[in-house]
Amino acid sequence: MSKRGLCSRSQAEAAIRAGRVTLDGRVVRDPQTPTSAEASIAIDDEAVVSVERRYLMLNKPRGTVTTANDERGRDTVYALFADAGLPWIAPVGRLDKASEGLLLFSNDSEWAARISAPESQIEKTYHVQVDRLPDADLLARIQAGVRDDDEWLAARSVMELRRGEKNAWLEIVLDEGRNRQIRRLLAAFDISVLRLIRVAIGPLQLDNLAKGQWRDLGDDEIRALDRLPT
């Protein structure tokens, strides 16, 4: 079901365990049951057919959460797709509530898994406003990294973009994804983040996509992100 772009893997497993899914006319309750591309699958007696694959990029605004439903009633990124007539889509990676910028979505779970896998090492580029004026030595130490909660946090590269009287903008490139990695890395050097914007994922640039707006990826962009062998 997830491979056909209907829902997430966890949603498919829940429906199967609840006895709502039939495979070639018989109820199955084991999510690991082997199947094939030609198999007849139905959920609640409605046939499951492959839906059009969609690959989207969104300029996520600060203050929205990357989830479909939030138990605390906070604004979610899915409100930005309202009335668009999209099939089920899931975020490919995350940005926390206070972060903004480039966020990918797709209903192609296999593609999403490939480009999200640690071994893909797809670089992600961030522009980060910090509350101090770093010198070259501090930038070098941030890039080299630090241990935090038994994890080694480091950056592929760190450079200063511009500075004001009391704060500066940095460009930080990561090639791995750890929870709140940039915020934790900078906090280890007593640096607070004022703004954090993801501006690129691999060759895909946020460019002039307006805040809160989204668009479909082109075929060349989809292939460019998919670095792993098929």
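This is a predicted model: local features need pLDDT of at least 70, side-chain atom pairs count only at pLDDT 80 or more; totals for chains, interfaces and linings use all residues.
Residues are numbered from 1 along each chain as its sequence is written, and side-chain values use heavy atoms, with hydrogens and water left out.

**The chain as a whole**

- You'll find five helices and 15 strands in the chain; these are DSSP runs numbered from the N terminus, with helices being H or I of at least four residues and strands being E of at least two.
- Taken along the principal axes, the C-alpha atoms fill a box of roughly 70 × 40 × 35 Å.
- The chain has 230 residues, and 43% of them count as buried.
- Take the contacts (heavy atoms within 4.5 Å) in the chain with a separation of 6 or more: 64% of them come from residues 24 or more positions apart.
- The accessible surface of the chain is about 12800 Å², and carbon and sulfur atoms own 45% of that; such areas come from the Shrake-Rupley method with a 1.4 Å probe, and for residues only the protein chains shown count as cover.
- The chain carries 34 positive and 37 negative charges, and their mean positions sit 3 Å apart.
- For that charge count, Lys and Arg are positive and Asp and Glu negative, while His and the chain ends are not counted; each charge is placed at NZ of Lys, CZ of Arg, CG of Asp or CD of Glu.

- Just after α3 comes Gly145, with a positive phi of about 105 degrees.
- In helix α2 (residues 109-116), the buried residues are Trp111, Ala112 and Ile115.
- These too span an arc of only 100 degrees around the axis, which puts them on the same side of α2.
- The buried residues of α2 pack against β5 (55-60), β6, β7 and α5 (219-225).

**Salt bridges**

- Side chains of opposite charge can pair when their charged atoms come close.
- The model has 16 salt bridges, each being a side-chain nitrogen of Lys or Arg within 4 Å of a carboxyl oxygen of Asp or Glu.
- One of them joins the side chains of Arg180 and Asp96, at 3.2 Å from N to O.
- That pair links distant parts of the chain, 84 residues apart: Arg180 is in the loop between β12 (168-174) and α4 (181-187), and Asp96 is in the loop between β6 (90-92) and β7 (100-106).
- Arg180 counts as partly exposed at 42% relative accessibility, and Asp96 is partly exposed as well, at 22%.
- Glu151 and Arg178 form another salt bridge, with their closest N and O atoms 3.1 Å apart.
- Glu151 is in strand β10 (residues 151-153) and Arg178 in the loop between β12 and α4, so this pair ties together parts 27 residues apart in sequence.
- Glu151 is partly exposed at 25% relative accessibility, and Arg178 is partly exposed with a relative accessible area of 31%.
- Arg178 also has a salt bridge with Glu176, where the closest N and O atoms are 3.5 Å apart; Glu176 is partly exposed at 30% relative accessibility.
- Salt bridges that share partners bring Asp148, Glu151, Glu176, Arg178 and Arg184 together in one network.

**Around strand β1**

- Thr22 is in strand β1 and, at 18% relative accessibility, counts as buried.
- Leaving out residues up to four places away in sequence, Thr22 touches Val27, Ser40, Ile41 and Ala42.
- Gly25 sits in the loop between β1 (21-23) and β2 (26-27), and with 66% relative accessibility it counts as exposed.
- From C-alpha to C-alpha, Gly25 and Ala39 are 9.8 Å apart in space, and they are 14 residues apart in sequence.

Definitions and conventions. Buried means under 20% relative accessible area, exposed over 50%, partly exposed in between (1.4 Å probe, protein chains only). The arc is that of the directions from the helix axis to the C-beta atoms.
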